[in-house]
Amino acid sequence: MVSRRLVIVYGVAVAGVCGLVAAGSYHAETTRGLQDALAKLHRGQLSQAEADALVLASRSDKSAPRAWLVVASARQRRGKYAAAARAYRNFLANCTSPRLRAYAGEQIVQCTADGSGPAPRRAAPSKRLTAADLAELATVEKQMRTETTEHFVVRARNARLAKLTAIEAEASLRRICGYILCGQAYPHSVAITVWADHKEYADHARDAPEWAGGSFTITSDNGVATRRIDLTQRDADGRFDTIMLDRVLPHEMCHLVVHEFFGDVECPLVLDEGLAMLAECETDNARVMLAGLVLAADREASLDDLFVRPRHTIGDPAVFYAKSFTFIEFLRNRMTPEQFRAFLSYVKGGCGIGDAIQRAICCPDSEQFIPALARAWQDRTVLQAQFLRALADRK
Amino acid sequence: MRRTITAVCVVALLASSVQGDRLDLLDGRTFEGLVSVDGDTVTVKMTYGTLQFSQREVARIVYMDTPEEVLAKKLAAAAPDSAEDLFAVAKWALDNALDRQGKQLLAKVITVDPDHAEARRRLLHARIDGKWHAFDQSLELARGKLQARRYEDLLGKVIPALKALPLASAQRTAVDDIRARTYLQGGRVDDARGAFSALAEQTGGLAAVRYAAIAAILVEYSDGMYVVNKVYPPQATLVPTKNPSLDVGPASLSRPIVLDAALHDRATRTELEAGKKLLAEARKIEPTDPDAARTKYALATLRFQRADAIVVGTRTPHIARAWHVEIARRRISAMRKLVDADAKKCDEIDASLGRAEMSRKDYRAMLQRMMYHLGSAREGLKGILALAKPYPRALVLEIKWAEVDLKKIEGWRKVLATELDNGK
């Protein structure tokens with residue numbers, strides 16, 4: 001009886017040890033298989049990497065769910081976006097890591113975007129208007145018409161213009177808060193008034209610069225903040241001023257939103273103006289051409305000078321604006337939304353622009369960084385200007 | 001009545017543990033060390049301190065040969081062409097704290113017998129690929145083999161040869177570091193995890209933080225596959241780099257750049273974020289509770305040091321430098337307020353002088369108060385300079401202001417000191 005028990009105990013122990021050894025070797029085999037697939041992925045042998053990883057990922061015991069990531073990555077690099085998204089979803093179904101879930105989610109969005117080709121860019125308002133529309137929008141009625149949306153109360157002496165301005169204002173705000181300020185909320189209401197012409201604008205608008213066709217103000221009275229944007233409907237020749245919708249409205253709105261984002265802290269001019277120009281409905285190619293021309297002639301141009309330049313010391317505003325736009329556009333284009341938002345937060349916290357960039361991307365503090373950044377920005381801007389010049393010559 | 005001191009010279013040719021002279025006291029105590037007599041005082045210098053006695057307490061002094069003298073006699077007795085004789089003398093020298101001479105003798109041993117294994121071992125020479133290499137050279141060779149992906153060679157021959165040497169702690173860590181990397185780069189993730197964990201335990205301080213971080217990464221990604229979620233190095237998105245960068249996607253931790261990316265991500269997500277949070281809290285409470293703020297700054301500094309320790313040796317070192325600068329700037333700003341308060345008090349005293357009649361004693365007392373405040377301000381400024389000096393570029397203004405003010409204060413102190421001296 002005792003010896004039989006001993007045999008059973010012995011048998012169970014042996015089975016346990018064998019099980020452990022088998023599990024260990026199985027884990028080692030999976031690791032080896034995954035490492036081989038990763039090596040192939042690294043070498044660019046994408047279909048082989050996909051096939052190897054697929055074998056691991058498709059095991060009935062689901063012992064290597066992370067192999068789906070290799071499958072997905074290989075498919076994504078081969079341009080098979082729909083299949084890649086499917087593989088990412090298979091991975092998500094067995095994923096316990098929040099970090100990896102976030103990664104897979106981002107990649108699915110990326111695959112969907114890449115798979116459907118470049119998103120059609122919304123044309124500037126002026127491009128969507130016919131001659132009849134322009135004529136109608138140039139009409140000035142006696143009464144002020146009001147149009148209200150979630151964020152705006154628009155007043156204009158033209159009912160259609162009030163409606164159009166309100167729609168464009170919401171679209172601009174979405175672009176500014178979404179793309180430029182990377183998800184910044186704007187839970188406020190803004191009063192927009194479109195004055196009939198420059199004279200009426202100058203007479204009524206608050207703090208209106210003589211040369212400007214639009215401006216923004218934020219005032220506080222008994223703790224109640226009033227946000228206001230003043231615009232002009234018609235140009236000097238009495239025609240509807242399309243620039244108002246294309247550029248002035250988003251430009252001034254961006255100043256307003258950035259001003260509120262920064263609060264009491266003064267936003268560096270290069271950033272304030274750069275962001276405002278970035279908010280405009282279409283890129284002004286003349287600015288890129290000018291910046292490219294200037295930077296090609298002055299390869300030693302310093303970024304430090306651009307970062308701290310106050311408004312009253314600007315010698316040539318057009319050049320300064322062109323440089324500001326291309327630099328901020330360069331940053332926004334190269335940084336991830338999280339990095340760009342962190343960059344803005346650091347500037348808001350009192351960091352210099354160079355310091356804020358380095359902190360936002362978590363790169364090592366180095367004296368060579370800003371000069372290298374300047375060279376990268378100059379090279380890109382000059383290249384873009386050359387491309388635009390080539391296009392213009394072809395036409 | 002004085003006792004006669006007997007000096008006995010003993011030639012201890014065969015002594016294996018010569019300590020120096022021996023001093024016997026009348027009360028029965030005995031000390032060994034270097035004994036010298038100066039007038040009525042007898043001094044004995046020992047390894048851990050020096051004692052002095054009056055000659056009246058001494059029973060006798062026994063002078064012995066110094067270890068150098070013993071060594072010279074041993075060497076004279078040894079056959080110069082006998083590796084074993086020379087090695088015996090070298091061993092004796094090393095055992096008796098004559099390291100330099102011992103190593104020179106070991107070098108002689110290997111000129112007589114280049115394959116004298118024990119002499120080579122004591123010189124930290126390792127035999128790799130049939131050739132003897134000094135330790136540093138062996139380590140470089142091992143690093144070369146690691147780069148060349150000769151993992152079997154490293155694990156089978158080189159590392160065992162190095163591990164067999166009587167290494168110091170730092171040298172052992174260097175060898176174990178190469179072994180752990182060899183495991184990882186060779187795809188032996190489990191062995192690598194164990195090796196890095198052991199390194200974290202055997203090293204101390206910030207080096208342990210780095211090894212523990214690697215071990216933790218290998219626990220989290222036990223199959224050796226890491227998922228890169230940002231381009232690495234991060235500056236590659238803005239600035240073109242000469243070295244290859246790493247794109248987003250799954251990658252094997254066996255590639256050094258992937259491990260660097262994982263360490264950067266870990267340092268950023270854990271230590272840097274925690275440090276930033278502490279910094280924000282300190283900033284918030286600083287006006288109302290400066291002591292608690294100082295503690296939070298210290299804790300934040302610790303976090304930033306840990307972040308830097310994790311990424312040391314990677315393509316992105318010193319990621320927390322900007323935050324160290326910010327802490328220094330904030331602490332300087334707080335210290336500046338105290339300096340300004342001292343300067344203000346000094347100015348007030350200065351303004352009150354000459355306005356009313358006062359006795360010589362009161363005048364001196366006022367000058368001494370001014371001197372006290374200037375001294376306090378000077379200490380504050382020195383503290384500011386000490387804080388700012390590691391970051392001369394970022395804190396150039398703080399350094400300049402402190403230097404200018406310090407110069408002014410020194411001038412003032414000189415004037416006050418003269419005035420106080422004249423009044424004596």
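Two residues are taken to be in contact if their C-beta atoms, placed from the backbone, lie within 7 Å. The legends below describe a predicted model.

**View 1. The surroundings of B:Leu253 in chain B.** When its neighbours within four places in sequence are left aside, B:Leu253 is in contact with B:Leu184, B:Tyr221, B:Gly224, B:Tyr226, B:Val258, B:Leu259 and B:Ala262. B:Leu253 itself sits in the loop between strand E10 (249-252) and helix H10 (256-285) of chain B. Because 24 other C-beta atoms lie within 10 Å of its own, B:Leu253 counts as buried, the threshold being 20 or more. B:Asp176 is 77 residues away from B:Leu253 along the chain, and the C-alpha atoms of these two residues are separated by 18 Å.

**View 2. Helix H2 of chain B and the helices it packs against.** Helix H2 covers residues 83-95 of chain B, and its 13 residues reach 18 Å from the first C-alpha to the last, close to the 18 Å expected at 1.5 Å a residue. Within H2(B), the buried residues are B:Ala83, B:Leu86, B:Phe87, B:Val89, B:Ala90, B:Trp92 and B:Ala93. These buried residues pack against three helices of chain B, namely H1 (67-77), H3 (99-112) and H4 (117-122). Just after H2(B), the backbone at B:Ala97 takes a positive phi of about 65°.

**View 3. The hairpin of strands E4 and E5 in chain B.** Strand E4 (residues 41-46) and E5(B) run antiparallel and are joined by six bridges, and the hairpin that they form has two residues between the strands. Within this pairing, B:Val44 stands opposite B:Leu51 in E5(B). Strand E5 (residues 49-54) of chain B is hardly covered, since the count of buried residues among its six residues is zero.

**View 4. Strand E2 of chain A between its two partners, E1(A) and E3(A).** On one side of the pairing pattern, strand E1 (residues 145-148) of chain A and E2(A) are antiparallel over four bridges, with A:Glu147 standing opposite A:Val154 in E2(A). E1(A) and E2(A) form a hairpin in which three residues lie between the strands. E2(A) also pairs with strand E3 (residues 190-195) of chain A, here in the parallel sense and over five bridges, and A:Phe152 stands opposite A:Val190 in E3(A). To get from E2(A) to E3(A), the chain crosses through helix H8 (residues 159-180) of chain A, and this β-α-β crossover is left-handed.

**View 5. The contact between chain A and chain B.** Here 30 residues of chain A are in contact with 29 residues of chain B. On the side of chain A that touches chain B, the elements that give two or more residues are helices H1 (2-43), H3 (67-77), H5 (98-115), H16 (353-360) and H17 (369-394) of chain A. H1(A) provides the largest share of this side, with eight residues. By residue class, the side of chain A that touches chain B divides into 16 nonpolar, seven polar and seven charged residues.

View 6. Of the 395 residues in chain A, 37% are buried. Among the contacts in chain A with a separation of 6 or more, 60% are between residues 24 or more positions apart.

**View 7. Chain B as the setting for its helices and strands.** Chain B contains 14 helices and 10 strands. Its radius of gyration of 33 Å is well over the 22 Å that the globule rule gives for 424 residues, so chain B is more spread out than a compact globule. Taken along the principal axes, the C-alpha atoms of chain B fill a box of roughly 90 × 90 × 35 Å. Buried residues account for 33% of the 424 residues in chain B.

Note on methods. Residues numbered from 1 in each chain as written. Chains lettered and ligands numbered in written order. Predicted model: local features only at pLDDT ≥ 70, side-chain atom pairs only at ≥ 80, totals over all residues. Expected span 1.5 Å × (residues − 1). Buried ≥ 20, exposed ≤ 12 C-beta atoms within 10 Å, placed from the backbone. Nonpolar A, V, L, I, M, F, W, Y, C, P; charged D, E, K, R; others polar. Pairing = 2+ DSSP bridges. Right-handed = clockwise from strand over helix to strand, strands pointing away. Rg over C-alpha atoms; globule rule 2.2 N^0.38 Å.
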